[in-house]
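Reader: I have not looked at this one before. Can you walk me through a few residues?

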Amino acid sequence: MNQGKIKGTLRAYLLWPLLLSALFLIANVTVYFFNVRAGLIVSGFFAAYLIGILVVFFVLRNRLLQDLLGYAIDYNQTMKGLCSQFQEPLLITDVNGNCLWYNQLFQTKFLDNKKATAPVDSYIPELTNNTYPEKMDKNSDVHFVKDEIYYNTTIKKVHINQISGSATASSTLGIGEYFYLFLFSDETEIVHYIRENQEERLDMGFLYIDNYDESLDPLDEVRRSLLAALIDRKINKYMSKHDAISKKLEKDKYIVFFRHKYLKQMQADKFSIVDEIRNIEVNEGSSITISLGIAVLNDIYLKKQEYARSAIDIALARGGDQVVVKTKDNLLYYGGKRMQQEKNTRVKARVKAHALRESILAADQVLIMGHHLPDVDAVGSAVGIYRIAKSLEKPAHIIVNNVTSSLRPAIQTFTDNANYEEDMFIKGDRANEIMTSDTLLVIVDVNRPSYTDEPSLVTNAKHLVVLDHHRQGAETFVNPTLSYVEPFASSACEMVAEILQYVGDEVKITAAEADILYSGIMLDTNNFMNKPGVRTFEAVAFLRRKGADIMRIRKMFRSDISEYKVRAAAIQNTEIFMDHYAISICKGEELESPTIVASKIANELLDVINVKASFVLTEFNGKVFISARSIDEVNVQLIMERLGGGGHLNSAGTQIDGITLQDAAGRVRNTLQLMKEAGDLE
């Protein structure tokens, strides 16, 4: 296009004298009308002018064009020389990425001084066709590393007519209508400074001693002082090793600051300070544990403090003895492999009971909900909250969308009882209809919104209470009115049984309510074989005093023969993986509650010698459910978290959508192998 303009201008420049000669001729004729002699003189000048024009146009034209051509050639060679000597690599390719031209620097850096014989992505894999810009007015940038040098490549799409006005140029060169121009720039120094800036920024965290009072208070004053000094020394020594600043805020609380580059070192040794503190001998059977919450955020310090507090809260909610690293988009967990110590004090239960009472009194009605496909622990704890609300003269309803065969006997205990209202149990759609802005929603036995029986209620609730005993994960409820999450508790029913003792003298539970609360504790402790504590048996003793009958409970939850056959088949086909992990598939298509049966099978497999953990998979409603159990040698919660689930150290699970049972079992095997190689399995 530009070249066409130059030709037109040159042609006009040469033709203008001829066009002016016509004007000159008209002037000459006009002079004849006034004076013939003057006209003749002008005609002589016109003839001389015309002869000169013709000489220039026909004789000197070729010499002029030759000079212009010589200038163009010299200009082209100069430009090619400048491009070849350009201080950054340059490359031109056709639309398919085939190299058409490149300068010497590109040949040196990317072709090893050889000629290009293949498309550019053969030499630079990052420069694939899908990185090329589709439009000429938009460039694309591609970043890649070669020989420890960081490059930024700017790719521009160019039309052939932008540099040549010849209609046959593209066909002559054989490159089509378009080609791509690649400009490479070295950004190694910039990347270095960006990384240095990132590594030098300060991260902050909070370090709490989980059980300071429980571990040190029973000791005599001298030993208590020595142990406190030893703990303080170990913490300061570890932090100083990583050039960190640690400041004691209280006797059991520290704040720490360190440069971000040292976080990788801490992660590499998996925060060994947690193990060092745990190895301090206090008394036989007890040890001191710490929790650390770290904020990794490139923001103001107030925001970092908020993230650090959130991280330490999560660590404590998961039972302590671990480190939580919180970034803007992710949570990382370290430690938490051992059973947390039970706290003997009931102060927290009493405080939470009082707060729950106040929340119920302020509401116009109470809705209680557990997890999807609720079990006896979820329904039992919900019944306990129902009794509190009714005793405080508040309307209350329990949401249960699906009543499974294992749960039906417990539900019938209340639906067939004239002392209970017909709408004691309702479905989720009905709950959505009656919910108001003053309704209190109480969530029991689950701390993940997506796992609740009716997640839409969580979204619509203005007032929310969460009571759960599972270790907290990344997904949590947003700003609940009251949150009571105790991972050391054996079950949600145990927590509610404690609350019932402190919520008020007017709350009196019936024998049927005591039965179902007792049943929930039995279910989650596997008949008191799975992490029962002192407070567990105290809760059971309270329920026994209120009329719980073990014979009545046993009759209520007997299994039919078809369930026994499914359990026997699953146990018979169990695979022992890596010598210590039992993996079984439960084919419970004919069962109404295959997930409950799977958990029973997982508990039974722990009775096999050398089995550290069991994983039972079953399919229900298009999803694969995995029940994981262990005694005390493996933290199955960490394993299930890798698969998108969670739970307890020795009782956990997950749900996987869009997968077969065999593929899900393969994921379990792969996860166990990866964790074994990383040293995350004991």
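**A few residues in turn**

Author: Start with L54, which lies in helix α2, residues 36–58. Helices (H or I, at least four residues) and strands (E, at least two) are DSSP runs, numbered from the N terminus. This is a predicted model, in which local features need pLDDT of at least 70, side-chain atom pairs count only at pLDDT 80 or more, and totals for chains, interfaces and linings use all residues. Residues are numbered from 1 along each chain as its sequence is written, and side-chain values use heavy atoms, with hydrogens and water left out.

Reader: Is L54 buried, exposed or partly exposed?

Author: L54 is partly exposed, at 37% relative accessible area. Buried means under 20%, exposed over 50%, and partly exposed in between (1.4 Å probe, protein chains only).

Reader: How far apart are the C-alpha atoms of L54 and P17?

Author: They are separated by 9.4 Å, with the two residues 37 apart along the chain.

Reader: New topic. What is phi of D321 near?

Author: Phi of D321 is near 60°, a positive value in a residue other than glycine. Most residues other than glycine have a negative phi.

Reader: Where is D321 found?

Author: In the loop between α11 (301–317) and β12 (322–326). D321 counts as buried, at 5% relative accessibility.

Reader: And what about E393?

Author: Phi of E393 is also positive, near 60°. E393 lies in the loop between α13 (376–391) and β15 (396–399), and counts as exposed at 72% relative accessibility.

Reader: How many disulfides are there?

Author: The search of the whole structure finds 0; a disulfide is a pair of cysteine sulfur atoms within 2.5 Å.

Reader: Are C99 and C586 buried or exposed?

Author: C99 is buried, at 18% relative accessible area. C586 is buried too, at 1%.
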